[in-house]
Amino acid sequence: MTSEVETLVTADMQEKRGVWENERVSPPVSESDIRKWGIASYWPEKPPRLFWDTDYANGTRWKGIIAPHDFNPFAWPIERPAGREASGPRTAAGSRGMNGGQVETFGVAMHPGDVITSRTRLKDWNERTTRLGLTLFTETEMEWRNQRGELVKTRISTGIRY
Amino acid sequence: MPINVRFEDVKVGDDMPGWSRTTDFMNWNRYAAVNDEFVYIHMDDAAGRAALNERGAFGMGNLRYTYMLNALREWIGDEADIREVGLQFRAINQKDDTLTVTGKITDKRVEDGENRVFLEMNVVNQEGQPTCPGHAVVVLPNR
């Protein structure tokens, strides 16, 4: 029962607070992946030409196709992050989670051929009792830079565990 | 849509045009496929109910975030830029919901050499229920 657990904050969290880690390098961004991203995220309507029509995109300020701001070049890794596709209902305190939200600040656009480097850190957390029981709100910061070291975006995401 | 709206043409209190999608597994599965986001609560009704959603599987929050970006892009056009977007997930996207992205301008100012327009945003379902309050900052060209 959740009432038996005093805290969901772990020693590992205390140790990792503020420490950049999980550096990853994406495969080169491909035009085809951008096109598919556009089709999926605009479904069932046609996505903007900026995301798939080279001739059109060449005439814009971007001088070519760019990726939508939410495009994820890290999708489909060969090595699967542990626990990502866990199955079955979770009932233990702290084992259930929700996506609380996020704030993304954008720098330069992603273009085909770009290689993105990502790193993350546990920024902060806040624990309190909610209608879900003991609930832990964690803030994780993620930073993406392209192959020229230019900032593509930062994301502060809020994870909720209860 | 190279330039849809210019900095001088918007004012505080203006609404951006609404942008809507009716969502079900066709939208969710396509998004899951490109984002590699295969999570049982978004795929399987039993898993959705086990996660305390009586109606079963439900849509991913990331897709509503995407819809906010799509709405902004459609409004500002291709020569403008999106500088920041944030949101909180407060309600679930149920199957067959019609979601509409809304936005109202709360401020506009020149900052760091950019014409920045600030918006309060949300994604509202067909019952008028706001599901994810948020905000955005876009950069618009001059006239």
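Here is a short walk through domains, an interface and some strands.

Before you click anything: this is a predicted model, where local features need pLDDT of at least 70, side-chain atom pairs count only at pLDDT 80 or more, and totals for chains, interfaces and linings use all residues. Residues are numbered from 1 along each chain as its sequence is written, while chains are lettered from A and ligands numbered from 1 in the order in which they are written.

**Stop 1: the domains of chain A.** Color 1-28 + 94-162 of chain A as domain 1 and 30-72 as domain 2; these bounds come from an automatic or database domain assignment. Their C-alpha centres lie 27 Å apart. Contact here means that the C-beta atoms of two residues, placed from the backbone, lie within 7 Å. On that basis, six residues of domain 1 of chain A meet 10 residues of domain 2 of chain A.

**Stop 2: where the chains meet.** Show both chains: 28 residues of chain B and 27 residues of chain A make up the contact. On the chain B side, the elements giving two or more residues are α1 (25-35), α3 (61-76) and β2. Helices (H or I, at least four residues) and strands (E, at least two) are DSSP runs, numbered from the N terminus.

Now select strand β2 (residues 97-106) of chain A, which pairs with β2(B) in the antiparallel sense over five bridges. Pairing requires DSSP to find at least two bridges between the strands. For one facing pair, pick Gly101(A) and Gln88(B).

**Stop 3: Val85(B).** Stay in strand β2 of chain B, residues 81-88, and center on Val85(B). Is Val85(B) buried or exposed? Buried, because Val85(B) has 23 C-beta neighbours inside 10 Å; the cut-offs are 20 or more other C-beta atoms within 10 Å for buried, 12 or fewer for exposed, and partly exposed in between, with C-beta atoms placed from the backbone. Leaving out residues up to four places away in sequence, Val85(B) touches Glu104(A), Met68(B), Leu69(B), Gly134(B) and Ala136(B). Try the distance tool on Ala136(B): 51 residues away in sequence, yet 4.3 Å away C-alpha to C-alpha.

**Stop 4: the chain B strands.** Select β3 (residues 98-111) and β4 (residues 114-124) of chain B, an antiparallel pair joined by 11 bridges. Ile105(B) has Leu119(B) as its bridge partner. At the hairpin, two residues sit between the strands, and Asp112(B) takes a positive phi near 50°.

Finish with β5 (residues 134-139) of chain B, antiparallel to β4(B) and joined to it by six bridges.
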